[in-house]
Amino acid sequence: MSVFRPLIVLQPTTFCNIDCKYCYLPERSKTKRMSPEVVRRIATEAFFSPVFDGEIVFLWHLGEPLSVPIEFYEQAFSDIAKIAASANRAYVHSFQTNGMLLDADWISLIRRFDVRIGVSLDGPAFIHDRQRIMRGGKGTHQAVMRGIRLLQNNGIAFGVIAVLTAFSLAHADAFFGFFRDNGIAQVGFNIDEIEGVNLVSSFSADEAASRYKMFVTRLIELGETERPSVKFREVWTTLRSLSRDQPHYNLANRPLRILNVDWQGNFSTFCPELTAATSEKYGDFVMGNILHDRLESIFDNEVFKRVNAEVDAGLQMCERHCEYWQYCGGGEPSSKFFQHGRFDVMETTTCKIHKQGTVDAVLEHLERRLADNNHMEHQ
Amino acid sequence: MSDATIGDRVAALRVKLAHSDAGKDVVAHLSATGSLDTDARLSPVWDQSWPQNWPQTWQQAWSDPEEA
């Protein structure tokens, strides 16, 4: 059995109640919703297909998952539970949410079904409200924090994903202090990328990589001294790959470690961001439909075969030529596609900033710490 | 910094952290503060990319990297 858990990213709805400036999803004003039949077919395929083993994670995302009625999940979770029981399989549910629609009823559902929660929050209001806004332009920070208080007051653990823009990088202390002061202990960050319908990135400037490295370095320093501390996903995952002579694992660049299923039942693999992509060469990246196709048929799908061959070629280039390979595991296919229009390429801007910048920051920090300790020993 | 590759630097780092007094002090400090460990599977999305038998703490990670 694999030690990795398959991740199934489900789009319960195309709709999002807010309109973030960097969002890559093209249909977030439409209210299309996944049918119960699609949910049941996904669960049946996931639990009975030979392509998945181990505990499965169902991540409800690709639109605001709490913008559909609670009854949708009452039925979906109940159907999935029955199918899992008949297959004797383990699973967990997770919402990646903006948290604004949380109320007592959602808290009850989250508790009953032990749903893991990730909240999208970019830091203090003066950073968050620049990008994460309502359709009328009003910032969403206050409403997100109300949702976070509700989670905290009910003892529900959650992680935060913050999207960094070039603006955020100038405010490491405020960024750290905000999470520390609000009792938010675990934060991961994504970076503002060109992807999907987001055609502009604030990270296109050349100095972004060095500014990102300074930002991460400052977060590490604060993490060591400030209490309560805040732990950053990028730091601890990099530490683990630096500490062990095993290649870093990238979930998104191997087939069927992630399965993406849109509201219609169209499925694909690799990065969820590709569900928002179209191209002449790869079409809309659909590799099958769960209502008509078995999951394992993906291996015979022409789009899959073309994408997989290119992704694999790109990974081989990363492995042969990039000195960060051991600590990265290969670039994100979606970053390669959105930057270069293809997958059989090596380095992207995201690699330079998010991956290499983190490795450089953590490694240099540890080297400095060792030098300081050596110096003290010899005094 | 010298012309050493990232791989060379990481190899040297692993040895120092695991075996030198200075390195053990650094690991002890980081373990004591817990500031760089992950202690929970809060977000399945984050946890995905890590085999479940991988070390969860600094001390586990650096105690004897040669055995990994």
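Is the crossing of H6(A) and H7(A) left-handed or right-handed? The crossing is right-handed; point 3 gives the detail.

1. Basis. This is a predicted model, in which local features need pLDDT of at least 70 and side-chain atom pairs count only at pLDDT 80 or more, while totals for chains, interfaces and linings use all residues. Residues are numbered from 1 along each chain as its sequence is written, and chains are lettered from A and ligands numbered from 1 in the order in which they are written. Helices (H or I, at least four residues) and strands (E, at least two) are DSSP runs, numbered from the N terminus.

2. Domains. Chain A splits into domain 1 (7-251) and domain 2 (252-347); the bounds come from an automatic or database domain assignment. The C-alpha centres of the two domains lie 21 Å apart. Their contact takes 36 residues from domain 1 of chain A and 30 residues from domain 2 of chain A. Here, two residues are in contact if their C-beta atoms, placed from the backbone, lie within 7 Å. On the domain 1 side, the elements giving two or more residues are strand S1 (7-10), helix H1 (36-48) and helix H8 (233-243) of chain A. H1(A) gives the most, with five residues. By class, the domain 1 side has 19 nonpolar, 10 polar and seven charged residues. The classes are nonpolar (Ala, Val, Leu, Ile, Met, Phe, Trp, Tyr, Cys and Pro), charged (Asp, Glu, Lys and Arg) and polar (the others, Gly among them).

3. H6 and H7. Helix H6 (residues 172-181) and helix H7 (residues 208-225) of chain A pack at about 45°, with axes 9 Å apart. Axes are lines fitted to C-alpha atoms, for helices over the stretch in contact, and angles run from 0 to 180 degrees between N-to-C directions. That angle makes H6(A) oblique to H7(A). The cut-offs are under 35 degrees for roughly parallel, over 145 for roughly antiparallel, 65 to 115 for roughly perpendicular, and the rest oblique. A:Ala172, A:Asp173 and A:Phe176 of H6(A) meet A:Phe215, A:Arg218, A:Leu219 and A:Leu222 of H7(A). The contact has five nonpolar, no polar and two charged residues.

4. H1 and H2. H1(A) packs on helix H2 (residues 70-87) of chain A at about 25°, with axes 9 Å apart. The two are therefore roughly parallel to each other. Their crossing is right-handed. Among the residues that meet are A:Val39, A:Ala43 and A:Phe47 in H1(A), and A:Ala76, A:Ile80 and A:Ile83 in H2(A). By class, this contact has 10 nonpolar, two polar and two charged residues.

5. Sheet. Nine strands form an open sheet, ordered S7-S6-S5-S4-S3-S2-S1-S8-S9 (chain A), with mixed pairing. Strands pair if DSSP finds at least two bridges between them. Strand S7 (231-232) and strand S9 (267-269) of chain A stand at the edges with a single partner strand each, so one side of each is left without a neighbour in the sheet. Strand S5 (residues 158-164) and strand S6 (residues 186-191) of chain A run parallel and are joined by five bridges. A:Val160 stands opposite A:Val187 in S6(A).

6. Backbone points to check. Most residues other than glycine have a negative phi, and most peptide bonds are trans. A:Arg227 and A:Pro228 are joined by a cis peptide bond, with omega about -5°. A:Pro228 is in the loop between H7 and S7 of chain A. A:Leu62, not a glycine, has a positive phi of about 60°. A:Leu62 lies in the loop between strand S2 (56-60) and H2 of chain A.

Note on methods. Left-handed = near helix turned anticlockwise from the far one by under 90°.
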